[in-house]
Amino acid sequence: MPTATEWPAWKALEAHHAATAGSHLRDLFAQDPERADRFTVEALGLYLDYSKNRITAETLRLLLQLAAEAGLRQKIDAMFAGDKINITENRSVLHVALRDPKGTSLVVDGKDVIPPVHAVLDKMAALSLRLRNGEWKGYTGKRIRNVINIGIGGSDLGPVMAYEALRHYSQRDMTFRFVSNVDGTDFAEAVRDLNPAETLFIISSKTFTTLETMTNAQTAREWSLAGLGGDEKSVASHFVAVSTNAKDVAKFGIDTANMFEFWDWVGGRYSMDSAIGLSTMIAIGPDNFRAMLDGFHQMDEHFRTAPFERNLPVLLGLLTIWNTDFLGAQTVAILPYEQYLKRFPAYLQQLTMESNGKHVTLDGVAVGCDTGPIYWGEPGTNGQHSFYQLIHQGTRLIPCDFIAFGQALNPLGRHHDMLLANVMAQAEALAFGKTAEQVRAEGTPDWLVPHRVFEGNRPTNTILASRLTPEMLGKLIALYEHNVFTQGAIWNIDSFDQWGVELGKVLAQRIVPELESAQEPALKHDSSTNNLIRLVRRLKNAQ
């Protein structure tokens, strides 16, 4: 298959960019009074205003042509059909099946995958209700009041983001914490003020062998046993597992009746609506969790069926291609003006960069263009007082996605109006800036004028919804999942493997025993790594 840069539409976009490179958003809006209406889409309660991107109707036409030439429609159909589109691991990519309604059917390799999905969801719901109503008791008979999820990557980022995003809906007489880092401080601080008799750990590892997760799990086991008199039987009352390795789960001391399964066709960064979301379900309850799944499913169906010119994820993906490969942007700022979404940018970092941080196509040849922009961000208005300076007046082009809600979950006087005013003001300022003439007209001395000029012409998307609910969170996450898919389909890369995380993990396994060895080890790394290992060994033993 040709690389993206070989498609006729790509070459046409290059020519189009060269012809329009001098255009400014000020002029584009002045020339077209209907521009805002022309470049907005509303669907599923989400309103996307993408008019403040450096595009024209011709840009959009060519981007849609690029999607057609790249076979985006066929690739979408292949994913939803369960085809093995993760070619390097020969796997289907079926996170969409995790939110298919009960009673539907999706047959893959001769098996309907939907009934097992709902069997696990029902099992999760039963456990969640027992914990939420106090029926599940710890080893000493005390009610479980603290739940700690131990995982890493997708087994942590999704659950912690969802918990923070939906904390408004959570059961407030329970405490939820999350441990991922193998740095012992992460665990120590998570349990410092907790009673082992009231604490349940969720160990989330598909293989039950993930180094960081199982290191933390063993530490949790030791902490729990130390607080419960050392009786090994107590483990079953204070630990559950999200895994498929029944043998090692049982060996750990967990009752396999409390082991929750998920499948090879669920990638880690797409797994928060599988059993990996058990901590989320316990926090917000089964009904809210199912409402979140319904939001996911609604966006799945929109992505699968809506025409591309009205398709929210497709439009976001195509705009990212335009900004990255034609305007030269290297990053995307995710700016939620909703404090509950404070971990949403971090969650999107894994979703986007682990998916599309690839340098070869599905055919194994160099892609020939930039892929995988860097996603980052913080909630507004905090960022306005730190990094927005660079976005407004720096030398780098940084497209921004503003996310906001018309209704506050915690209405306090003028707070929400001030918050929303900042969303609109920032997008307006980034688009139109402030000219030297405007600055001079304010009476600014000539020497100061250059410092107060805002070039504008910075592209932004504004995503508005009425209220952050579990259903809306599902829609937002799926919006970005399918945005990522769209980008990967255009670049013709495998968005569902992650070989880039493997090499460092393998090398770390070699270095650990060299750090722990009582005798000076014979080191065979490069000179820098050898010196660092020797230095760390000295620092460990320093008084």
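**A walk through the buried parts of a predicted model**

At 0% relative accessibility, Asn311 counts as buried, where buried means under 20% relative accessible area, exposed means over 50%, and partly exposed is in between, with a 1.4 Å probe and protein chains only. Hello everyone, and let me say at once that this is a predicted model: local features need pLDDT of at least 70, side-chain atom pairs count only at pLDDT 80 or more, and totals for chains, interfaces and linings use all residues. Residues are numbered from 1 along each chain as its sequence is written, and side-chain values use heavy atoms, with hydrogens and water left out.

Back to Asn311, then. Asn311 sits in the loop between helix H13 (286–305) and helix H14 (312–325). When I say helix or strand, I mean DSSP runs numbered from the N terminus: H or I with at least four residues for helices, E with at least two for strands. What does Asn311 touch, not counting residues up to four places away in sequence? The answer is His302, Phe303 and Ala306, with contact meaning heavy atoms within 4.5 Å. A polar atom of the Asn311 side chain also lies 3.2 Å from the backbone oxygen of Ala306. For a polar contact we ask for a pair of N or O atoms within 3.5 Å; within protein, one must be able to donate a hydrogen and the other to accept it, and residues adjacent in sequence count only if both atoms are side-chain atoms.

Now for the cores. A nonpolar core is a set of buried Ala, Val, Leu, Ile, Met, Phe, Trp, Tyr and Cys residues joined through side-chain atoms within 4.5 Å. The largest one here has 122 residues, and Trp10, Phe344 and Leu473 have the most contacts inside it. Which helix gives the most to this core? That is H20 (residues 470–491), with 12 residues. Take Leu473: leaving aside its neighbours within four places in sequence, Leu473 is in contact with Met161, Ala162, Ala165, Leu166, Met292, Leu341 and Leu468. There is also a second, separate core of 22 residues, which includes Ile148, Val179, Phe187 and Phe252.

Phe187 takes us to helix H8 (residues 184–191), where Phe187, Ala190 and Val191 are buried. Those three cover an arc of only 80 degrees around the axis, which puts them on the same side of H8; the arc is that of the directions from the helix axis to the C-beta atoms. Among the elements covering the buried residues of H8 are strand E5 (146–150), strand E6 (175–179), strand E7 (199–204) and helix H9 (211–227).

Phe187 also belongs to one aromatic cluster with Phe201, Phe208, Trp223, Phe239 and Phe252. Rings of Phe, Tyr and Trp (its six-membered ring) pair if their centres lie within 6.5 Å; planes under 30 degrees apart count as stacked, over 60 as edge-to-face, and the rest as tilted. Phe208 is found in the loop between E7 and H9, and counts as buried at 5% relative accessibility.

How many aromatic pairs does a search of the whole structure find? It finds 20. In one of them, the rings of Tyr270 and Phe496 have their centres 5.5 Å apart and their planes at 45 degrees, so the pair is tilted. Tyr270 lies in the loop between strand E9 (259–260) and helix H12 (278–284), and Phe496 in the loop between H20 and helix H21 (502–516), so the pair ties together parts that are 226 residues apart in sequence. Tyr270 is buried, and so is Phe496. Phe344 and Tyr480 form an edge-to-face pair, at 5.8 Å centre to centre and 80 degrees between the planes. Phe344 lies in helix H15 (residues 344–356) and Tyr480 in H20, so this pair ties together parts that are 136 residues apart in sequence.

The loop between H20 and H21 also holds Asn492. Phi of Asn492 is near 60 degrees, a positive value in a residue other than glycine, and Asn492 is buried, with a relative accessible area of 3%.

Two backbone details before I stop. The peptide bond from Gly380 to Thr381 is cis, with omega near 10 degrees, and Thr381 is found in the loop between strand E11 (374–376) and helix H16 (388–393). Just after helix H5 (residues 72–81), Gly82 takes a positive phi of about 85 degrees.
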